[in-house]
Amino acid sequence: QVQLAESGGGLVQPGGSLRLSCEASGSIFSINAMGWYRQAPGKQRELVADTTSGGSINYAESVKGRFTISRDNAKNTVYLQMNSLKPEDTAVYYCNAELQGSLYSPWYDYWGQGTQVTVAS
């Protein structure tokens with residue numbers, strides 16, 4: 001059993017900052033990619049940022065220069081520092097991890113339950 005526990009969402013004014021955290025726990029042998037997605041009302045879920053075990057990082061164009069993803073492999077945790085937040089960043093943010101439960105098991109995608117980020121004055 002694997003769980004992804006997110007924290008750090010909330011209400012913030014435009015121009016403000018928030019930091020999201022996501023810790024993977026349970027039966028974990030290896031983690032490849034970890035990342036953040038978001039889904040606004042009436043829109044499809046989209047990639048915000050992700051990072052692989054090899055250190056490569058991808059950002060959505062809309063968040064480049066404002067958001068920073070980082071990862072602590074020892075803690076199986078990924079972070080998303082969000083600065084200069086805009087109302088259009090309002091969404092439910094989901095953590096994602098691609099991992100193996102044991103050495104010979106296949107790779108699976110796991111999702112957190114989501115955390116609400118609201119940017120409004």
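The model is predicted, so local features need pLDDT of at least 70, side-chain atom pairs count only at pLDDT 80 or more, and totals for chains, interfaces and linings use all residues. Residues are numbered from 1 along each chain as its sequence is written, and side-chain values use heavy atoms, without hydrogens or water.

Select Cys22 and Cys95. A disulfide (cysteine sulfur atoms within 2.5 Å) joins them, with S to S 2.0 Å. A search of the whole structure finds one disulfide. Cys22 lies in strand β3 and Cys95 in strand β9, 73 residues apart; strands are DSSP runs (E, at least two residues), numbered from the N terminus. The S-S torsion is about -80 degrees, so the disulfide is left-handed. Cys22 is buried at 0% relative accessibility, where buried means under 20% relative accessible area (1.4 Å probe, protein chains only). Cys95 is also buried, at 0%.

Next, select Thr77, in strand β8. Thr77 is buried, with a relative accessible area of 7%. Its side chain reaches the backbone oxygen of Lys75 at 2.8 Å. Beyond four places in sequence, the contacts of Thr77 (heavy atoms within 4.5 Å) include Cys22, Met34 and Asp72.

Finally, select Trp36, Val48, Phe67, Leu80, Met82 and Tyr93. These have the most contacts inside the largest nonpolar core, which has 28 residues. Such a core is a set of buried Ala, Val, Leu, Ile, Met, Phe, Trp, Tyr and Cys residues joined through side-chain atoms within 4.5 Å. β9 gives the most to this core, with five residues.

Key
Buried < 20%, exposed > 50% of the residue type's maximum accessible area, 1.4 Å probe, protein only. Helix = DSSP H or I, 4+ residues; strand = E, 2+ residues; numbered from the N terminus. Polar contact = N/O pair within 3.5 Å; in protein donor to acceptor, adjacent residues only side chain to side chain.
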